[in-house]
Amino acid sequence: MSIKEFIGKFKSKILWSNLLAMALVIVGLAVGFKFAVDIYTHHGEAVTIPNLSHKTFDNADHILSELGLDMVVSDTGYIKTLPPGCILEQYPAPGERVKPGRTVFVTINATQTPTITLPDVIDNCSLREAMAKLTAMGFKLNPPQFVPGEKDWVYGILVNGRHVTYGDKIPVDAKLTIQAGNGMRDSNDDVDYVDPATGSTDDNSEDVDEFQEVPVPDEEDNSRQKDEPEQDPFTPVE
C-alpha cells in the first residue's frame with residue numbers, strides 16, 4: 001500500500017462516522033455515570049439535623065424517619081431527673097446539614113439506675129488512696145467520718161447509713177461515706193503504763209496479795225515466855 005492510498009483512507013466518510021459514533025458513546029456513558037452517581041449520593045440534596053435532646057426514643061425516631069434519616073443507639077447514660085429512654089446526646093449535632101439516608105447516632109438515658117462494683121478498699125488502704133480510687137471510678141463521696149483507730153486507715157464505708165463490703169453493687173447516684181481512723185485508741189481498749197524508771201506497771205485494779213503477813217513477836221513476849229516454867233504435858237492439873 002502506497003502512502004497516497006494510506007492517506008486516502010482518512011478521507012473515508014465511513015471511518016469518520018465510526019469515530020464520531022464512538023466519541024458520542026463515550027461522552028454519553030460519562031454523562032450517564034455522572035447523573036447516576038449524583039442520584040445515588042443525593043448530590044445537591046441536604047437535610048438539616050433536628051434537635052433531639054430530651055425527646056423520647058419513639059418521638060425522635062419518627063422525626064428522623066420523616067426526614068429520610070436513620071437512628072442508631074450508640075451508648076447509654078444516666079441522668080436521674082430525666083425520664084428513662086430519652087435522648088441525651090446525638091451525632092451529628094443539631095443544625096448540621098447531611099444527605100438523606102444518613103445515620104444519626106444517639107445516647108439515651110438508661111431505664112435503670114446503673115451500678116458500680118465497690119473495689120477492695122476497706123481495711124486495705126489509706127483514706128487518700130481510697131478517695132482517689134473511688135473518685136476515679138465515678139463514685140460520689142461525702143466528707144469522711146473519723147472513728148477511733150489507726151490514723152487515716154479505712155475501716156468501713158457507709159451508703160445511706162448502711163455498711164457495704166467489697167463486691168457490692170452501688171448505684172452511681174449514691175454517696176459514699178468513708179470511715180477512717182482518727183489516730184486515737186478506743187477508750188474501751190486497756191492500756192498498761194510501764195514506768196521506765198522502775199519497770200513496773202501502773203494498774204488501777206486491786207490485786208490480792210497471795211502471801212499473808214506474819215507478825216513478829218515483841219521482846220517482852222519473848223522474855224515472858226522464858227520466865228514461865230515449862231509445864232510437863234503429862235503432869236495432871238490440880
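Strand β9 (residues 154-159) runs antiparallel to β12, and five bridges join the two. Strands count as paired when DSSP finds at least two bridges between them. Strands themselves (E, at least two residues) and helices (H or I, at least four) are DSSP runs, numbered from the N terminus. The model is predicted: local features need pLDDT of at least 70, side-chain atom pairs count only at pLDDT 80 or more, and totals for chains, interfaces and linings use all residues. Residues are numbered from 1 along each chain as its sequence is written, and side-chain values use heavy atoms, with hydrogens and water left out.

Stay with β12. L141 stands opposite L176 of β12. In general, strands of a sheet pair through backbone hydrogen bonds, either parallel or antiparallel.

How many of the seven residues of β12 are buried? Six are, so strand β12 (residues 175-181) is mostly covered, where buried means under 20% relative accessible area, exposed over 50%, and partly exposed in between (1.4 Å probe, protein chains only).

Now the other sheet. Three strands form an open sheet in the order β2-β5-β3, with mixed pairing. β2 and β3 (87-91) stand at the edges, each with a single partner strand, so one side of each has no neighbour in the sheet. From one strand to the next, the twist averages 25 degrees. The axes behind such angles are lines fitted to C-alpha atoms, for helices over the stretch in contact, and angles run from 0 to 180 degrees between N-to-C directions.

Strand β5 (residues 103-109) runs parallel to β2, with seven bridges between them. T76 stands opposite I108 in β5. Helix α3 (residues 57-66) packs on this sheet and touches β2, β3 and β5. The direction of α3 makes about 150 degrees with that of β2.

M71 gives a view from inside β2 (residues 70-77). Is M71 buried or exposed? Buried, because its relative accessible area is 14%. Leaving aside neighbours within four places in sequence, M71 is in contact (heavy atoms within 4.5 Å) with F57, A60, D61, L64, V104 and V106. M71 and V106 are 35 residues apart in sequence, yet 7.1 Å apart in space, C-alpha to C-alpha.

Turn to the surface. L15, W16, L19 and M22 form a nonpolar patch with about 400 Å² of accessible area together. Patch residues have over 30% relative accessible area and no salt bridge; like charges are joined within 9 Å, nonpolar side chains (Val, Leu, Ile, Met, Phe, Trp, Tyr) within 5 Å. A salt bridge is a side-chain nitrogen of Lys or Arg within 4 Å of a carboxyl oxygen of Asp or Glu. L19 lies in helix α2 (residues 13-41). At 40% relative accessibility, L19 counts as partly exposed.

Finally, the whole chain. The protein has five helices and 14 strands. Of its 238 residues, 21% count as buried. Among contacts with a separation of 6 or more, 67% link residues 24 or more positions apart. The protein exposes about 18600 Å², and carbon and sulfur atoms supply 56% of that area. Accessible areas come from the Shrake-Rupley method with a 1.4 Å probe; for residues, only the protein chains shown count as cover.
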